[in-house]
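Please read it alongside the sequence and the model.

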Amino acid sequence: MHIDAIQNGIVIDHIQAGKSLDLYHFLHLDDLDCSVAILRNVNSQKMGKKDIIKIDSVLDMDLGVLGYMDAGITISIIQDGKQVRKFHPELPEQIKNVIFCKNPRCITTVEQEIDHIFKLTDRENGIYRCLYCETAAKK
Amino acid sequence: MRNLIDITDLTIAEIDELIQTACDIIENPDKYCEACHRKKLATLFFEPSTRTRLSFEAAMLELGGSVLGFSEANSSSAAKGESVSDTVRVVGCYADIIAMRHPKEGAPMVASMHSPVPIINAGDGGHNHPTQTLTDLLTIHREKGHFDNLTVGLCGDLKFGRTVHSLIHALSRYSGIHFVLISPEELRLPSYIIHDVLEKKQLSYEETQDLEAVMPKLDILYMTRVQKERFFNEADYIRLKDSYVLTLDKLKNAKEDLCILHPLPRVNEIATSVDNDSRACYFKQAHNGKYIRMALILKLLGVEIPCI
């Protein structure tokens with residue numbers, strides 16, 4: 001199968017096989033007008049199978065949160081057909097409205113239109129806690 | 001503008017300053033009797049409480065200020081479905097400072113994000129209760145004279161006991177503290193406090209179910225009530241409510257200068273026969289609560305007291 005190389009955009013690589021659609025919806029890529037390629041179950045020496053997403057547009061989006069979604073992924077920034085930057089997203093200090101507090105005693109269960117904010121309390125173990133009630137997020 | 005949502009919002013230096021102010025109020029009450037003249041405290045209690053609310057109100061009245069508010073959600077706009085954020089925006093138009101108790105964890109933090117005046121967390125569900133912790137610290141300071149190198153027993157409901165959680169956070173910043181966590185298996189301290197506070201800070205602690213076995217080593221014994229309102233299942237509450245009852249007999253091997261604390265109200269976890277023992281400090285503790293809240297109100301309102 002052949003997918004054209006992109007000229008200016010983002011490649012999200014080393015996604016756990018089968019997880020690309022989750023990221024696609026999470027990043028609202030379905031709202032974009034540009035070409036977006038989703039490659040599933042691509043052979044990988046390192047992972048056996050992996051998913052890849054190619055976005056053929058320069059986007060201003062918060063990619064840091066991908067570090068919470070999947071710590072193993074690689075992000076490449078492509079300009080003029082060349083890779084100008086490649087990195088693993090770091091765990092963001094705070095995540096807003098990505099995960100939702102499961103604690104039935106938390107104020108987020110009753111307060112209207114409240115942002116669900118989780119803060120990173122343990123970078124080593126990737127633990128996020130609800131800003132309001134300190135309950136740990138469960139993936 | 002400052003709020004007090006979590007005890008860790010205050011530095012050790014600020015806690016020391018509050019304790020010094022509280023001690024000065026106890027020594028020189030006249031100096032402070034008009035300190036908050038024309039200031040208003042709103043007590044927004046979405047959950048019933050007697051002593052905390054009255055302690056706040058007494059504190060403001062003794063500072064020469066006034067109080068307004070409500071003592072249960074049914075008599076507030078919350079019964080009509082108003083959000084916490086809207087409530088504090090409105091109350092902030094009428095009061096200079098707000099003390100809030102709410103059954104939902106994190107409600108005072110939400111309030112602090114929207115309030116035009118300082119918010120004091122007067123207890124949010126089973127989460128935090130920082131002014132109780134300040135009360136506990138003032139009592140320990142007055143009884144022991146220091147915080148370092150104390151063996152502190154925490155007994156009863158360590159799972160839902162917010163006073164215990166806040167006290168551990170506060171004492172974890174002093175050196176040489178050894179925590180003895182005494183509870184039934186089902187009411188053990190939550191793992192996130194063990195991991196994030198005790199283990200991360202490499203604090204000395206032990207867990208046990210046997211109060212009498214650890215009694216001789218304790219400098220402080222902090223008793224708690226198994227709180228019915230924290231249980232979804234009444235059968236669990238009934239099974240656990242009588243787990244620990246402190247009696248004179250159990251105090252036989254305790255130190256002479258043991259300091260017994262309890263945030264009150266008690267049900268039956270301390271026998272009334274213990275009340276007259278010199279080691280029982282829980283009514284002094286309730287008294288101290290008013291003074292430390294006076295000191296806190298002064299601090300958050302930025303009221304300067306001229307030296308006399």
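## Backbone points, sheets and contacts

B:Pro265 sits in the loop between strand 9 (259-261) and helix 10 (282-301) of chain B. Helices (H or I, at least four residues) and strands (E, at least two) are DSSP runs, numbered from the N terminus. The peptide bond that leads from B:Leu264 to B:Pro265 is cis, with omega near 5°.

This is a predicted model, in which local features need pLDDT of at least 70 and side-chain atom pairs count only at pLDDT 80 or more, while totals for chains, interfaces and linings use all residues. Residues are numbered from 1 along each chain as its sequence is written, and chains are lettered from A and ligands numbered from 1 in the order in which they are written.

Most residues other than glycine have a negative phi, and most peptide bonds are trans.

Is A:Glu134 buried or exposed? A residue is buried if 20 or more other C-beta atoms lie within 10 Å of its own, exposed if 12 or fewer, and partly exposed in between, with C-beta atoms placed from the backbone. A:Glu134 has 22 other C-beta atoms within 10 Å and is therefore buried. A:Asp80 has 7 C-beta neighbours inside 10 Å, so A:Asp80 counts as exposed. Of the 139 residues in chain A, buried ones make up 24%.

**Chain A**

Chain A contains two helices and eight strands, and along the sequence these follow the pattern β-α-β-β-α-β-β-β-β-β. The C-alpha trace of chain A spans about 50 × 30 × 25 Å along its principal axes. Two residues are in contact if their C-beta atoms, placed from the backbone, lie within 7 Å. Among contacts in chain A between residues at least 6 apart in sequence, 59% link residues at least 24 apart.

Five strands of chain A form an open sheet in the order 2-3-1-4-5, with antiparallel pairing. Strand 2 (36-44) and strand 5 (82-87) of chain A are at the edges with a single partner strand each, so one side of each has no neighbour in the sheet. From one strand to the next the twist averages 20°. Two strands pair if DSSP finds at least two bridges between them.

Strand 1 (residues 9-16) of chain A is joined to strand 3 (residues 48-55) of chain A by five bridges, and the two run antiparallel. Strand 1 of chain A also pairs with strand 4 (residues 74-79) of chain A, again antiparallel and over five bridges. A:Ile10 stands opposite A:Ile55 in strand 3 of chain A, and in strand 4 of chain A its bridge partner is A:Ile77. The bridge partner of A:Asp13 in strand 4 of chain A is A:Thr74.

**Chain B**

In chain B, four strands make an open sheet in the order 2-1-3-4, with parallel pairing. Its edge strands are strand 2 (66-70) and strand 4 (119-124) of chain B, each of which pairs on one side only. Neighbouring strands of this sheet are turned by 15° against each other on average, direction ignored. Strand 1 (residues 40-45) of chain B runs parallel to strand 2 of chain B, and five bridges join them. One of the pairs is B:Lys40 with B:Ser66 in strand 2 of chain B.

Helix 2 (residues 51-62) of chain B lies across strand 1, strand 2, strand 3 (97-102) and strand 4 of chain B, and runs at about 175° to strand 1 of chain B. Axes are lines fitted to C-alpha atoms, for helices over the stretch in contact, and angles run from 0 to 180 degrees between N-to-C directions.

The axes of helix 1 (residues 12-27) and helix 5 (residues 130-144) of chain B come within 10 Å and cross at roughly 65°. That makes helix 1 of chain B roughly perpendicular to helix 5 of chain B, a term for angles of 65 to 115 degrees. B:Ile15, B:Leu18, B:Ile19 and B:Ala22 in helix 1 of chain B meet B:Leu134, B:Leu137, B:Leu138 and B:His141 in helix 5 of chain B.

**Between the chains**

In the contact of the two chains, 13 residues of chain A touch 14 residues of chain B.

Technical notes. Parallel < 35°, antiparallel > 145°, perpendicular 65-115°, else oblique.
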